[in-house]
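Visitor: I am new to this structure and would like to learn how to read its features. May we look at it together?

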Amino acid sequence: MKRLLDVFSEKELVLAQGCTEPGAVAFAVAAAAEHSQGELEKIKIKIDGFVYKNGMSTGLPGINKYYGNKTAAALGYFADNPLERKLTILADLEDKLDQALEIIDKVEFEVLEDKMPVYVEVFIEADNQVRALIKGNHDDLREIEVDGKITYQNESIDSTDNEVKELDARLKEMNIYQLIELLEAEFSESQFQLLKDGYKLNSTIARAGREGIGSGVGNKYRKRSDFSELNEIAAKAADGTGARMAGAASPALASSGSGNQGIFISLVSYYSAQYYFELSEEEIFKATMLAHLVGHYAKIYVGRLSALCGLFYAAAPGVLAALLYLAGKADKIEKAINNLISDTSGVYCDGAKGSCALKSLTAAELALRHFELVIE
């Protein structure tokens with residue numbers, strides 16, 4: 001097996017265009033549409049409840065007014081090169097919106113209560129019948145079936161599944177000291193560059209939010225009379241998640257299947273490390289990798305998609321762990337995370353949308369508050 005941190009980086013730190021749930025829906029539809037012939041009659045999508053919930057109300061890249069899984073599915077029907085583009089499939093489809101709206105009433109969903117996330121099964125009825133299945137991760141296209149015959153089967157997914165299962169099993173056995181040992185032993189130049197590039201991409205999305213894309217929560221927060229440098233870190237997180245939920249036309253470096261959590265960890269880790277310490281970029285991004293690892297560790301337990309808000313239960317604990325690691329207080333990380341969770345037990349995920357910017361504000365300041373409590 002490859003080095004564990006390389007597997008983690010390859011599988012869990014990937015680019016996503018727009019929210020990953022409607023991205024998965026659009027990817028599955030696009031993959032099926034490549035094989036569809038004749039006039040479209042219906043697009044039926046069988047989907048697990050978490051993907052349905054998370055993609056109900058979120059914005060789409062470059063699209064105004066229209067949003068969510070249904071619009072994503074209609075746009076996906078007109079997308080090109082799905083196997084290459086995967087979760088960036090929704091990029092640059094603004095000129096397809098009018099066509100998508102013409103077929104949107106032919107899109108229907110069925111929520112499957114017995115399926116674990118991620119599950120997206122698309123059926124396109126036209127002169128032929130095409131089926132495409134995504135299962136496991138958002139970009140795991142398993143197979144395409146045309147008129148009952150398998151025409152595409154991803155034979156590498158089983159080995160990938162095994163790799164991911166082994167990754168999760170090994171991480172699950174580790175305590176925080178062993179996660180840090182893994183980081184110290186395996187953090188590489190390529191991972192540093194990946195995180196640095198991801199920070200730049202996520203900063204671009206945050207800048208779009210500050211310039212007017214999205215709900216503007218960050219800018220409104222900046223008008224507080226007692227606004228501080230620490231508040232600015234939280235505002236940047238709100239800029240990024242708010243813009244992404246509004247459909248900012250820029251890819252994000254996602255973390256364990258979540259673009260919002262990737263943006264949060266990138267920005268809050270970077271700016272809070274700069275605020276509290278005088279460190280090199282290599283040290284900051286190394287700690288950022290620990291934040292991603294801790295966030296992923298949490299999601300092994302609570303689920304890749306769940307009823308809990310990942311900003312509070314994965315991303316904020318990750319940032320807190322990164323800051324305490326940089327402060328030389330690894331022995332305080334576990335108890336600090338327990339305190340953080342005690343502070344916010346019950347924050348649920350009501351779907352990916354503009355209110356994620358509000359949760360980003362709260363989660364960022366929560367992580368920084370608990371770091372300062374430990375330092376004091």
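Predicted model: local features only at pLDDT ≥ 70, side-chain atom pairs only at ≥ 80, totals over all residues.

Visitor: How many salt bridges does a search of the whole structure find?

Guide: The search finds 21 salt bridges. One of the pairs is Arg210 with Glu232, whose side chains meet at 3.4 Å, N to O. This pair links distant parts of the chain, with Arg210 in helix α9 (residues 189–210) and Glu232 in helix α11, 22 residues apart.

Visitor: Are Arg210 and Glu232 buried or exposed?

Guide: The term buried means under 20% relative accessible area, exposed means over 50%, and partly exposed lies in between. Arg210 has a relative accessible area of 42%, so Arg210 is partly exposed. Glu232 has a relative accessible area of 15% and is therefore buried.

Visitor: Which helices hold the salt bridge partners Asp343 and Arg369?

Guide: The side chains of Asp343 and Arg369 meet in a salt bridge at 2.7 Å, N to O. Asp343 belongs to helix α15 (residues 333–344) and Arg369 to helix α16 (residues 356–375), so that distant parts of the chain, 26 residues apart, are linked. Asp343 is partly exposed, with a relative accessible area of 37%. Arg369 also counts as partly exposed, at 41% relative accessibility.

Visitor: Which residues do salt bridges with shared partners join into one network?

Guide: The network consists of Arg210, Arg222, Glu232, Lys236 and Asp239. The pair of Arg210 and Glu232, discussed above, meets in a salt bridge.

Visitor: What does the salt bridge between Lys286 and Glu184 tie together?

Guide: In this pair, the closest N and O atoms are 2.7 Å apart. Lys286 is buried, with a relative accessible area of 18%, whereas Glu184 is partly exposed, at 41%.

Visitor: Let us turn to single residues. Where is Ala249 found, and is this residue buried or exposed?

Guide: Ala249 is located in the loop between α11 (229–245) and β8 (251–253). Its relative accessible area is 56%, which means that Ala249 is exposed. Not counting residues up to four places away in sequence, Ala249 touches Gln17, Pro61 and Gly62. The C-alpha atoms of Ala249 and Arg210 are separated by 14 Å, and the two residues are 39 residues apart along the chain.

Visitor: Is Gln261 buried or exposed, and which residues is Gln261 in contact with?

Guide: Gln261 is found in helix α12 (residues 259–276). With a relative accessible area of 10%, Gln261 is buried. Its contacts, leaving aside neighbours within four places in sequence, are Ser255, Lys299, Gly310, Leu311, Ala314 and Ala315.

Visitor: Which domains does the domain assignment give?

Guide: The assignment gives domain 1 (19–153) and domain 2 (174–373). Their C-alpha centres lie 29 Å apart. Across the boundary, 19 residues of domain 1 are in contact with 17 residues of domain 2.

Visitor: Which elements give two or more residues to the side of domain 1 that touches domain 2?

Guide: These elements are α2 (20–33) and α3 (49–54). The largest share of that side, 4 residues, comes from α3. The residues on that side of domain 1 divide into 8 nonpolar, 9 polar and 2 charged.

Definitions and conventions. Residues numbered from 1 in each chain as written. Heavy atoms only, no water. Domains from an automatic or database assignment. Contact = heavy atoms within 4.5 Å. Nonpolar A, V, L, I, M, F, W, Y, C, P; charged D, E, K, R; others polar. Buried < 20%, exposed > 50% of the residue type's maximum accessible area, 1.4 Å probe, protein only. Salt bridge = Lys/Arg side-chain N within 4 Å of Asp/Glu carboxyl O.
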